[in-house]
Amino acid sequence: MIDVRNLGCPEPVIRTKKALDALGTEGILEVLGNTEASKENILRFAQNSGYGASLEERAGGEFLITLTKGYECTLASPKPSKESSEKVMFVKDDCIGERSELGEKLARGFLKALLEANTLPKKIIFVNRGVWLTTKEENRATINDLILLEKKGVEIYSCGACLDYFGLAQELKVGKIGNALETINTLLDSSGVISL
């Protein structure tokens with residue numbers, strides 16, 4: 001068993017990966033944690049890596065995830081309704097260009113226009129102030145557009161460390177909580193990155 005309670009992102013996923021690597025070709029690993037971000041990230045890591053995973057919720061906000069290695073286990077992902085590329089969008093701010101009313105309108109308009117694009121990105125990753133677009137009620141119209149993009153098969157992630165920094169971890173309204181290791185792998189594995 002490994003204990004990842006109270007560890008900041010991406011440490012819980014990194015420790016889980018190292019412990020699984022140390023198991024060899026097969027085995028069982030239990031991971032004890034207590035944050036929503038680490039729970040989602042570990043479960044998604046297991047799914048994306050082909051490990052079996054079961055979740056036990058415990059008192060006081062703690063959880064125990066049991067991971068199995070050496071058994072084929074995959075979960076189906078939703079199929080996109082439009083053609084999807086292998087490109088990733090990396091959104092670093094809630095505005096484009098200078099911080100101004102125009103910059104904010106451009107960011108919102110750009111994401112809305114994606115709904116009409118012939119080809120969609122595989123993922124949109126929000127970091128730094130970009131996470132305001134997935135959390136703040138004042139961005140409800142953009143959040144609704146992102147929900148529609150998610151329904152079309154676009155994966156939406158918001159940086160867990162950024163959400164924690166801004167005190168928005170409980171305010172996420174669309175997508176999933178991401179982590180640095182997953183983001184780096186996504187960016188390096190993509191056919192191209194569009195940065196906003």
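Colleague: What should I know about the model before we start?
Modeller: The model is predicted, so local features need pLDDT of at least 70 and side-chain atom pairs count only at pLDDT 80 or more, while totals for chains, interfaces and linings use all residues. Residues are numbered from 1 along each chain as its sequence is written, and side-chain values use heavy atoms, with hydrogens and water left out.

Colleague: How many helices and strands are there, and what makes a stretch count as one?
Modeller: The protein has 6 helices and 11 strands.

Colleague: What makes β9 and β10 a pair?
Modeller: Two strands pair if DSSP finds at least two bridges between them. β9 (residues 155–159) and β10 have 3 bridges, in the parallel sense, so they pass that rule. Tyrosine 157 stands opposite lysine 176 in β10.

Colleague: Why is the sheet called open?
Modeller: The order of its 5 strands is β10-β9-β8-β6-β11, with parallel pairing. β10 (176–178) and β11 (192–195) are at the edges with a single partner strand each, so one side of each has no neighbour in the sheet.

Colleague: What lies across β6, β8, β9, β10 and β11?
Modeller: Helix α6 (residues 180–189) does, running at about 135 degrees to β6. Axes are lines fitted to C-alpha atoms, for helices over the stretch in contact, and angles run from 0 to 180 degrees between N-to-C directions.

Colleague: What makes a group of residues a nonpolar core?
Modeller: Its members are buried Ala, Val, Leu, Ile, Met, Phe, Trp, Tyr and Cys residues joined through side-chain atoms within 4.5 Å. Buried means under 20% relative accessible area, exposed over 50%, partly exposed in between, with a 1.4 Å probe and protein chains only. The largest such core has 27 residues, and Leu111 and Val131 are among those with the most contacts inside it. β6 gives the most, with 4 residues. Apart from this core lies another, of 14 residues, including Ile2 and Phe45.

Colleague: Which residues does valine 131 touch?
Modeller: Phe126, Ser158 and Cys162 are among them, leaving out residues up to four places away in sequence. Contact means heavy atoms within 4.5 Å.

Conventions. Helix = DSSP H or I, 4+ residues; strand = E, 2+ residues; numbered from the N terminus.
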